[in-house]
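Open the model in your viewer and follow the stops below. Each one tells you what to select and what to look for.

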Amino acid sequence: MNQVQRQVREALFWALCGIGLLLLCLPALAIIASLLKDSWPALSLKLLTATTNQGGLRNAITGTLLLALGVLALAGPVGIGCGIYLAEFASPGSAPWLRFFSEILAGIPSIVVGYVGYLVLVVGLHWGYSLLAGILALSVIVLPYVVKTTEVALRQVPSTLREGADALGLPRSTTLRRVLLPPALPAIVTGLVIALAFSTGETAPLLYTAGFTDQDPTLQLLHRPVGYLTAVVFTDIQLPGAQAHQLAYAAAAITLLLLIALTMAGRAISRRSRRLSERMSV
Amino acid sequence: MLPYLQKLASPVHTALSNLTLEPSGGGSGKGIADAIGGTVQMGGSDAYLSDAQATQNPTLLNIPIAISAQAINYNLAGIKDLKITGDILAKMYEHHITNWNDPAIAAVNPGVTLPNQAIIPVRRVDASGDTFIFTSLLTATNAEWKAGPAFGTSVTWPALPGELTANGNPAMIQVCKANPGCVAYIGVSVEQAALSAGLGEALLQNKAGTFLQPTQDTITAAVSAGATNTPNDLRQSLVYEDGAQSYPIVNFEYLMVNSKQSDANTAAAIKSFLTWSITAGATPSNLASVDFVSLPTSVVPKVEAAIAKIGA
Amino acid sequence: MAAANPLPLPAPGRRAGAALRLRALMGGADLSRGDRLLRAACGMAALIPLLALVFLVVPLAISAVPSVLFSGPAFLTGQVFSFGNLYAGSPSLHHGVAAPAGAQYGALPILLGTLFTSLVALLLGVPVAVGGVVLLAELPPWFQRTASLLLELLASIPSVVYGLWGIITFGPLVAKYVYPGLAATLGRVVPFFGGAVGYGQGLLTAGLILAVMIVPIIATTTRELVRMVPVHNVEGAYALGLTPFESLRTVTLPFIRGGILAAALLGWARALGETMAVLMISGNALNVYPVNIYGPVSTMAGTIAVMLDSALTDATGLALHALAELALVLLVVTFLTNLLGRLVVRRFTSTALPIGRGI
């Protein structure tokens with residue numbers, strides 16, 4: 001093969017890679033821009049003050065936040081506990097299995113979680129469409145992410161710290177609380193932020209567990225459906241009338257803005273934690 | 001059903017201050033199942049309970065609170081007020097009539113130059129009361145359809161190459177608008193949107209042989225004709241009724257309510273809402289917002305009798 | 001290379017050894033009360049994922065039993081998926097299971113619809129992700145940071161928003177400007193790409209949107225893999241006079257091939273189980289095969305979401321069981337794809353695979 005052919009092939013390959021990179025970077029911008037453009041006329045203060053049957057999103061926004069907080073309260077401690085066990089206590093024999101179960105759980109399609117939630121919680125246990133059914137379904141989906149970020153965060157703590165604590169004869173719980181958790185905390189918080197983001201954006205697991213209502217959500221756990229943003233996107237785009245469609249756009253835009261904010265927050269925290277751990281390992 | 005209940009939520013709270021109506025989304029199937037399962041107090045549905053479901057759930061009442069209808073729309077440039085029959089529609093969805101210049105269509109449209117264009121039938125993919133009443137008409141007018149798919153909120157549609165589906169009424173309009181040659185069934189609550197999208201509204205042949213479009217008058221005529229023999233359990237199809245001016249695709253909008261409620265207060269609240277919804281609540285402006293029609297006076301006593309059965 | 005290193009490895013190993021010995025001296029019994037309490041609590045938490053799996057699989061399997069009895073293998077080979085005539089006609093018994101008249105649950109078109117939409121997504125997504133990341137690795141750090149931010153944003157966009165964008169913007173756009181061109185060129189050679197291009201909802205649109213959705217997980221994994229390629233090897237390739245592309249082909253790609261395969265499998269599992277976006281833009285054809293690549297299809301996840309409402313009107317309840325069987329099949333397929341991905345990664349590389357959406 002001569003030199004010219006080589007160069008042509010070289011240029012061709014990198015040109016194709018360039019197209020690939022363009023296709024990698026453009027969709028996020030395209031989606032966000034087109035959604036903000038479509039929803040711009042629908043964005044107003046009324047969205048925050050009126051409920052969904054009055055052309056607002058108040059109940060859906062508070063419902064989404066309530067569901068996300070519930071997930072945080074449930075999947076947070078369980079996931080962190082599970083992550084701590086994997087990083088600090090599990091025997092070499094059991095750790096791969098426990099990790100595997102969590103990974104497999106992460107791969108289960110969200111609609112399957114929603115369907116089983118309907119069968120078992122809503123109908124089987126007679127909970128009805130309810131806050132708790134929605135929180136449980138979402139928690140199952142985000143749990144593996146909390147587990148994974150916690151375990152990775154603890155493993156990234158420099159081993160010198162752990163050894164130092166051991167040499168001092170500190171009990172494990174003290175080591176964990178005073179030595180390991182502080183440097184790992186930012187990364188764990190990032191995991192929780194991811195969990196928040198995913199529970200804000202999910203629809204399929206909620207349709208038949210949380211139900212939907214135009215009323216403001218309450219703290220009642222059972223027998224009372226909850227409204228949430230993504231349901232408005234899915235339902236109102238199918239309803240007649242420009243008004244309903246505007247509401248769907250607005251709900252999509254607000255969901256997206258929430259998620260962008262959470263993603264940015266997650267990045268900021270993890271960047272700080274990386275700097276912290278770099279400083280410590282020097 | 002949902003848009004109407006959402007419309008009622010505010011006036012009912014004004015009229016009966018101790019009541020709050022909390023409508024939630026979902027199709028007819030969810031409405032029926034939720035009422036059976038007790039996850040809601042009243043389940044909205046365009047379709048009445050099937051015999052099997054009625055036998056299984058003897059305490060579940062079918063309470064109509066309004067009347068709705070359905071238009072047949074099509075996308076053919078320059079052709080307005082096309083005439084069509086239930087039989088022709090059935091044959092379109094059975095793939096027996098595949099082109100708009102078919103002799104059967106020409107026979108009912110004398111003087112109209114029909115284009116040589118493939119027919120694209122559109123159907124709903126979700127469980128829908130619209131599918132229920134549309135397939136009821138096909139069942140009433142075409143023997144092969146009656147023996148085959150028959151009617152329901154979702155049926156075994158004959159497999160058509162090139163058929164299209166839509167999820168929800170607005171999507172029906174969107175799909176039909178995007179596909180010249182389409183034919184679609186669309187609830188009257190969104191008919192204005194269909195017309196402004198440039199779709200034609202067909203004149204549909206009724207049992208007496210007249211070709212009609214859905215209007216307040218033709219819908220009311222069909223209801224009056226059907227109301228003479230409404231059964232006490234109120235499970236009745238209003239499709240393809242007698243009468244020269246009766247529009248052929250009309251239906252009751254139901255709320256499914258369990259006659260055995262958990263406590264007396266709930267029962268009383270449900271009764272007062274239902275009574276309100278068929279009397280003071282059924283104002284022309286409430287109904288017109290979704291192009292519904294109020295219940296005929298001859299049916300109201302039977303509905304009131306059904307409401308009276310609700311107790312603790 | 002490490003084996004060729006003549007110097008004995010110093011400190012780290014020994015320090016770790018010392019710590020281990022210390023702990024052994026203290027002994028398990030010496031764990032303080034607080035320690036044991038903590039271990040017990042965390043141990044219980046560690047069992048929750050397994051518990052969740054059991055609570056997902058067992059009810060689903062039980063609920064699927066009547067449908068399995070009724071349909072047998074026809075569930076996987078049958079062409080017609082129908083809840084039957086729920087209004088006229090009375091239920092009848094088949095294999096001891098009461099079914100509405102005319103009910104049959106043949107999910108083959110749905111299975112194939114799921115398979116093909118996800119394959120289209122893979123065929124488009126993998127080259128884009130790998131090619132893009134390979135180029136990205138050569139670019140300045142600020143650009144890499146920006147690109148990774150965009151990828152993270154892409155991963156965080158909810159499914160339903162993808163669906164909305166697909167219905168309103170993307171579908172109509174490609175149907176108007178891209179598909180006609182594709183049909184006029186490629187369609188002349190491959191008939192499956194020819195014919196009517198529809199209105200932007202169908203197999204290709206669903207595949208394209210799915211490709212965008214799985215690109216983050218594949219790209220993130222590939223980026224980690226590229227970082228792991230030993231610098232010496234690449235430098236050696238350059239020293240031999242190879243061009244960047246040649247060094248990529250002969251050094252980097254063989255090194256990361258297994259990892260890319262694993263990432264593709266993970267992306268595939270995600271595409272198979274994706275619900276809302278596909279439901280909104282796949283066209284949801286039932287019981288028919290698409291006439292060309294633009295035609296409507298339906299997928300398992302979308303069918304479960306959209307048919308649940310109808311299923312609830314079935315007085316015999318069999319329709320719900322049939323959907324449970326569909327969910328079970330979906331669960332098994334995604335499980336196997338995930339498992340395969342993880343096995344592949346263990347075989348070829350030591351990198352940790354991301355989970356779910358690519359964390």
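Predicted model: local features only at pLDDT ≥ 70, side-chain atom pairs only at ≥ 80, totals over all residues.

Chain A has 282 residues, and 57% of them count as buried.

**A residue inside chain A**

Now select A:Leu67. You will find A:Leu67 in helix H3 (residues 58-89) of chain A. Is A:Leu67 buried or exposed? A:Leu67 is buried, because 26 other C-beta atoms lie within 10 Å, and the cut-off for buried is 20 or more.

Show the contacts of A:Leu67 next, leaving aside neighbours within four places in sequence. They include A:Gly134, A:Ile135 and A:Leu138. Further along the chain come A:Ser199, A:Ala210, A:Val226 and A:Tyr228. Then draw a distance from A:Leu67 to A:Thr213, C-alpha to C-alpha. The two are 146 residues apart in sequence and 14 Å apart in space.

**Chain C against chain A**

How many residues does the contact take from chain C and from chain A? The contact takes 76 from chain C and 79 from chain A. On the chain C side, select helix H2 (residues 33-71): this helix gives the largest share, 19 residues. Color that side of chain C by class to see 55 nonpolar, 15 polar and 6 charged residues.

**Chain C against chain B**

Bring in chain B. Here 26 residues of chain C are in contact with 31 residues of chain B. On the chain C side, helix H12 (residues 300-311) supplies the largest share, 3 residues. By class, this side of chain C has 15 nonpolar residues, 10 polar and 1 charged.

**A strand inside chain B**

Finish on strand S6 (residues 182-187) of chain B. Strand S6 of chain B is largely enclosed by the rest of the structure, because 6 of its 6 residues are buried. Look at both faces. On one side, B:Cys182, B:Ala184 and B:Ile186 are buried. On the other, B:Val183, B:Tyr185 and B:Gly187 are buried too.

Now show the partners of S6(B). Strand S2 (residues 60-74) of chain B runs antiparallel to S6(B), joined by 5 bridges. Select B:Asn73, which stands opposite B:Ala184. Strand S4 (residues 120-124) of chain B pairs with S6(B) in the parallel sense, over 2 bridges. There, B:Pro121 stands opposite B:Val183.

Methods: Residues numbered from 1 in each chain as written. Chains lettered and ligands numbered in written order. Contact = placed C-beta atoms within 7 Å. Helix = DSSP H or I, 4+ residues; strand = E, 2+ residues; numbered from the N terminus. Nonpolar A, V, L, I, M, F, W, Y, C, P; charged D, E, K, R; others polar. Buried ≥ 20, exposed ≤ 12 C-beta atoms within 10 Å, placed from the backbone. Pairing = 2+ DSSP bridges.
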